[in-house]
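Please work through the exercises below with the sequence and the coordinates at hand. Each task is followed by a solution in steps.

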Amino acid sequence: RQKALTWKGAIRRGEDPRTPEQEERKRRAANTFGVLGERYLKSVVAKHRRAEQTSREFRNHLITRWDDKPVAAITKADVREMVASFTERGHERQAHNILGLARAFFNWCVEHDYIAISPCYLMRPKRLIGEKHSRDRVLEDRELVALWRATERMGYPFGPLYQLLLLTGTRKTEAAGACWSELDLDRGRWTIPPERFKSNATHRLPLSEDAVKVLTSLPRFEHGDYLFSTTYGRTAVMGFSKAKERLDRLMVEELGRRPEPWVVHDLRRTVRTRLSSLKVPDVVAEKIIGHDLKGIERVYNQHRYEDEMREALETWAALLSSIVNPPAKDDVAQLRPAEEAMV
């Protein structure tokens, strides 16, 4: 009845009574999560160092969930349901990460007056998800063998990509987004530019002979510069979740059992741990994985340690090769007992 009275008043004034509702629908359509989410990625996230990875996670886990839903209509219950979709599968760490992305976005919406209050307001990640524990997973020898054999079965692009991660200790995003222009294979050097490196610094990483061998086996495309690509080099490879699932299945076949859960970043920790086991000095091992010096030493010690890094990575590559490709029994010389040798 009230709506009818409102419409009659608008008609008497010579106005179209449908106009306010149409404008409201347009406003709500313009303020959907998908529309504002893309605006947020373009105006805020694009300026960040990890823009590509953050944008991919934001689209895959948030925009796909709330694409056409008005931002103002998203509630705390919706956020809790989103978090539960990860925790129920045992992905607490990812739940922390995606909740952090959602909180940052909704705070941006509040700042720009798209909503009055964030649906994440007063949410405590520790209470909702639990402690964000530091990971300590390191792959054992048998797992490294299974992993390497699985990567050989996977083929391009993910097989050699995982091998490069294991030989260099680089981050997944750094390897996945690598371009041929960053490589000098003749000198065995990979230069990762600041915009793709975590500390906004240029990272010059020596390459072992085994790493160069992996890189020279990759196809070269005429349409783009990316090393690992399913679009003929035009864009960097994507689809890590499915690739990791396939890698896990192949490792189960190689091991004959399911290994303890691990994530791709654990390869980086494995490399760092193995470097220590090889008695590589901490300063060199930290340089290899891209951690800079601390405190006053960072100011005064400008040595790049490239020769030391190269030696350490060659030593690690040799150890890895001995693990994943052990010598056949026929190639091992059998020593005779001392009495027999004297006869």
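The model is predicted, so local features need pLDDT of at least 70 and side-chain atom pairs count only at pLDDT 80 or more, whereas totals for chains, interfaces and linings use all residues. Residues are numbered from 1 along each chain as its sequence is written, and side-chain values use heavy atoms, with hydrogens and water left out.

**Exercise 1.** Determine how the axes of helix α3 and helix α6 are arranged.

*Solution.* Helices (H or I, at least four residues) and strands (E, at least two) are DSSP runs, numbered from the N terminus. Axes are lines fitted to C-alpha atoms, for helices over the stretch in contact, and angles run from 0 to 180 degrees between N-to-C directions. The axes of α3 (residues 33-43) and α6 (residues 92-111) come within 11 Å and cross at roughly 95 degrees. Helix α3 is therefore roughly perpendicular to α6 (65 to 115 degrees; under 35 is roughly parallel, over 145 roughly antiparallel, the rest oblique). In contact (heavy atoms within 4.5 Å), the residues from α3 include Phe33 and Tyr40, and those from α6 include Phe105 and Trp108.

**Exercise 2.** State the strand order of the open sheet and identify its edges.

*Solution.* Two strands pair if DSSP finds at least two bridges between them. The three strands follow the order β1-β2-β3, with antiparallel pairing. Strands β1 (183-184) and β3 (203-206) each have a single partner strand, so they stand at the edges. Four bridges join β2 (residues 189-192) to β3; in one of them, Thr191 has Arg204 of β3 as its partner. Helix α16 (residues 306-324) packs on the sheet and touches β2 and β3, its direction making about 45 degrees with that of β3.

**Exercise 3.** Classify the aromatic pair of Phe221 and Tyr232.

*Solution.* Rings of Phe, Tyr and Trp (its six-membered ring) pair if their centres lie within 6.5 Å; planes under 30 degrees apart are stacked, over 60 edge-to-face, and the rest tilted. The whole structure holds 17 aromatic pairs. For Phe221 and Tyr232, the centres lie 5.9 Å apart and the planes make 90 degrees, an edge-to-face arrangement. Phe221 is partly exposed because its relative accessibility is 23%, while Tyr232, at 51%, is exposed (buried is under 20%, exposed over 50%, partly exposed in between, with a 1.4 Å probe and protein chains only).

**Exercise 4.** Describe the surroundings of Asp141.

*Solution.* Asp141 lies in helix α8 (residues 141-154). At 38% relative accessibility, Asp141 counts as partly exposed. Not counting residues up to four places away in sequence, Asp141 touches Arg274 and Ile323.
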